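Q: I am new to this structure and would like a close look at a single part of it. Please give the setting, then stay with that part and go through it step by step.

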Amino acid sequence: MEKAVPRPGEPSAPVAADRAEEASCQCDPRPDIVTLVTEHHAAVYRYAFRLTGSAVDAEDLVQQAFLLAHQRLAQLREASRAAGWLMAIVRNCFLKDNRRTRPSEPLLDEPLGPDDEEFPDWVDPEQLQLALGQLPDEARAILLMFFFEDCSYKEIAESLNVPIGTVMSRLSRAKTRLRQLLTDTTQAKPVRQLAGRK
Amino acid sequence: MNDQPRIDELLEAYRPKVDDLADDAWQPLRAPLASDPEVQRRAEAIQHHDRVVRNAMHDVSIPAGLAERLLASLPDSESNDLLSAAPAIASEAVSLPPRLAAAARFGRRAWIAAVIGAAAVVGLMTAFWRNGPTDSGLASTEDLAGMVAAWESDPALVSGGTWRTLSGGQGLSSYPIGPSDLRVPATRVIGPVQRNGGLLLVVYDLPGPGGKTARLYVAHTNRTFGVPGTPQSILRLTGQRGGIAWQRGEYLYVVVVDSPDRPQEFVQVREIT
C-alpha cells in the first residue's frame, strides 16, 4: 500500500512523538482558522443564507461567525465537530442580532389546519427560501437544525436548552407550516414570479 | 382524550432507522403506525416532504471569492500574512463591495489590510513571478491553473518518470480521500516529486468509462488554495481541458480531464457552483 506523501524533511523527534501520541489517543486535532474557513465556508454560507434569506446578510453573518470562531477556537475540541460548531455560532449570532433589532415573535402559535394537500416531488430552492422567510426566526432556526444539520431531537433539545417534548411540538408546528407554505406556493404561482428577486 | 396532536408530533419526529427518541416516547405511535392506514399514509407523506425539503435546503450558490474575503477579514497577523503574501487576495480586498465596508466593525481593518496588501503587491509580484509560488500563503485558482499547466508539461511526470502499477484501488488510502470523492480507482502512480516551493507531488492515472483517462494530482503543501474542501468547483484549464480541485488540510487534489464536462465521470461532484 502506498504511504502518505512525506513532509519535506523528517520531523524532529519531539514532533514525531507528539504525532504518535496524537495518533495513539485518536485525538481529532483542532483545525486552524484558515482550514476552518477553507473547508467550511460554503456550508456555513448556505446555512446563513437559509437563515437570513439575503446574500448580503448571509455574508455578513458568516464573517461575524468566523471572527467569533477565531476568538473561540480553543472551544473546538474535535475537527469532526467543526461544521456543527460553526453553524451553532451562526445560529446564535443570527438569533441574538434579530432579538436585539426586532420584537420577539410567537412561535407559530396560531391554529393550523390539516395539510393533506399532495406535496410536490421537487421544490425550487428559491421557493423554499420564500417559505422559510415567512416563518418566525426561531422556527426557521429549528427547521434548519433538523433539515440542514440533520440534528437529532436530542441534539436540538440540548442545543436550545429545552425539553425534547418542546422540540417535538415546535418542530411539528414549524414543519407543518412550512409544508403548507410550500404546497400553497407550488400550486399558486411559478416561483420566479413569487420570488421577484434572485 | 384526543391523542391526535401527540400522534402528529410523533409522526413528524418519526425517522425510520434513526434513533431519535427513547423507546417509550414512541409508544403512542407504535400501534397506529402498525395498523392504521391513515397514519401510515401520513407517515409516508411526511417522510416524502422531509426528503424533498432536505434536498432543496443545501441548494444555495456560493458568492465568488467568499473564502478570500473571509480570510482577509480575520484580524490577526495570520490573516494579514495571508493577505500580503497573495497578490490575488490583496487585489480582491481593494475591490471589496461597499456592503462589506458597511460592516463598520470590520471595515476599517479590512481597508487598512487592503492598503498594506496593495503596497506589498508591487514587490511581491516580482518575486512571485520570478521564483514561482512560494510554499505559503493563499493562492488563487488562476495560480492553481498555472501550476497544473506546469505539472502537465513536466517531463519528469509526463514522459521521463517511472510509473508504478497499482491494483485493487490501492494507493490512495493514505490520503483523506476515498470512494465518496473518486468514482474510479487509480491504476498507476508516479512520485512523490518535489516541485516549486517545497511542494511534494504524487500523480495517479484514473481510468474512466469508454477508455477515457484522467489524472489525479495530489500535492502536499502548506499553501491554501482558493478551492473548496470537497469536489465541487470546475477548474478551467488551458485548451479544452477541465478539472476539479479541492483541498483538505495540507493535501490539495486536482483531477484533470480532456473536457471540462467530464470531471464528474471521475469525481463525485457535490455541487458545481
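A: Some conventions come before the description. This is a predicted model, in which local features need pLDDT of at least 70 and side-chain atom pairs count only at pLDDT 80 or more, while totals for chains, interfaces and linings use all residues. Residues are numbered from 1 along each chain as its sequence is written, and chains are lettered from A and ligands numbered from 1 in the order in which they are written.

Chain A has nine helices and zero strands; here helices (H or I, at least four residues) and strands (E, at least two) are DSSP runs, numbered from the N terminus. Chain B has eleven helices and nine strands. Of the 198 residues in chain A, 36% are buried, and of the 273 residues in chain B, 37% are buried. A buried residue has 20 or more other C-beta atoms within 10 Å of its own, an exposed one has 12 or fewer, and a partly exposed one lies in between, with C-beta atoms placed from the backbone.

Next comes the contact between the chains. Two residues are in contact if their C-beta atoms, placed from the backbone, lie within 7 Å. The contact takes 48 residues from chain A and 47 residues from chain B. On the chain B side, at least two residues each come from α1 (4–13), α3 (37–57), α4 (66–73), β3 (188–195), β4 (199–207), β5 (213–220) and β8 (242–248). Of these, α3(B) gives the most, with eight residues. By residue type, this side of chain B divides into 24 nonpolar, 14 polar and nine charged residues. Nonpolar here means Ala, Val, Leu, Ile, Met, Phe, Trp, Tyr, Cys and Pro, charged means Asp, Glu, Lys and Arg, and the others, Gly among them, count as polar.

One helix on this list, α4(B), is mostly covered, with eight of its eight residues buried. The buried residues in α4(B) include B:L66, B:E68, B:R69 and B:S73.

Seven of the eight residues of β5(B) are buried, so β5(B) is largely enclosed by the rest of the structure. It pairs with β4(B), running antiparallel to it, through eight bridges; two strands pair if DSSP finds at least two bridges between them. In this pairing B:L200 stands opposite B:H220 in β5(B). The two strands form a hairpin with five residues between them, and B:G210 in the turn has a positive phi of about 70 degrees.

β5(B) also pairs with strand β9 (residues 251–257) of chain B, in the antiparallel sense, over six bridges. There the bridge partner of B:Y217 is B:V254 in β9(B).

Five of the seven residues of β8(B) are buried, so β8(B) is largely enclosed by the rest of the structure.

β8(B) is also joined to strand β7 (residues 234–236) of chain B by three bridges, and these two run antiparallel. B:L235 has B:G243 in β8(B) as its bridge partner. Here too there is a hairpin, with five residues between β7(B) and β8(B), and B:G239 in the turn has a positive phi of about 70 degrees.

As for A:V44, leaving aside residues up to four places away in sequence, it touches A:V62, A:A65, A:L86, A:M87 and A:V90.
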